[in-house]
Amino acid sequence: AESGGSFDVMEFLAAGATNAAAQSVSWDLAIACVTGLIWIYFESTRMGVGYFWVYIILAFCVAFAFAFPLFLFFREGKLDKA
């Protein structure tokens with residue numbers, strides 16, 4: 001409602017740096033996301049889980065909170081087959 005019903009990425013990113021608490025949360029989430037995506041890459045190549053790039057795209061297009069559990073679900077299926 002504050003933005004007039006439209007979504008502006010630059011305003012969204014600027015809002016993550018409005019104060020020290022918001023900056024701290026933003027950095028924590030960014031570090032967790034980057035670390036998780038790197039782990040997804042290496043774990044998918046180690047385990048032979050195909051299409052690792054789909055999870056990376058989903059992390060940016062949908063949410064990391066969706067992509068990471070989805071990867072873990074398919075990784076668990078691969079572990080069950082082994």
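Contact, as the word is used here, means heavy atoms within 4.5 Å. In this predicted model, local features need pLDDT of at least 70 and side-chain atom pairs count only at pLDDT 80 or more, while totals for chains, interfaces and linings use all residues. Residues are numbered from 1 along each chain as its sequence is written, and side-chain values use heavy atoms, with hydrogens and water left out.

**The nonpolar core**
- The largest nonpolar core has ten residues, namely C33, L37, I40, M47, V49, Y55, L58, A59, A67 and F71; such a core is a set of buried Ala, Val, Leu, Ile, Met, Phe, Trp, Tyr and Cys residues joined through side-chain atoms within 4.5 Å.
- Two or more residues of this core come from each of α2 (20–47), α3 (52–61) and α4 (64–81), and α2 gives the most, with four residues; helices are DSSP runs (H or I, at least four residues) numbered from the N terminus.
- L58, a member of this core, is in contact with A63, F66, A67 and L70 when its neighbours within four places in sequence are left aside.

**S44 in helix α2**
- S44 is found in helix α2 and counts as buried because its relative accessibility is 2%, where buried means under 20% relative accessible area, exposed over 50%, and partly exposed in between (1.4 Å probe, protein chains only).
- A polar atom of the S44 side chain lies 2.9 Å from the backbone oxygen of Y41.
- Not counting residues up to four places away in sequence, S44 touches V49, F52 and F71.

**V9 in helix α1**
- V9 has its place in helix α1 (residues 9–15), and V9 is partly exposed, with a relative accessible area of 46%.

Technical notes. Polar contact = N/O pair within 3.5 Å; in protein donor to acceptor, adjacent residues only side chain to side chain.
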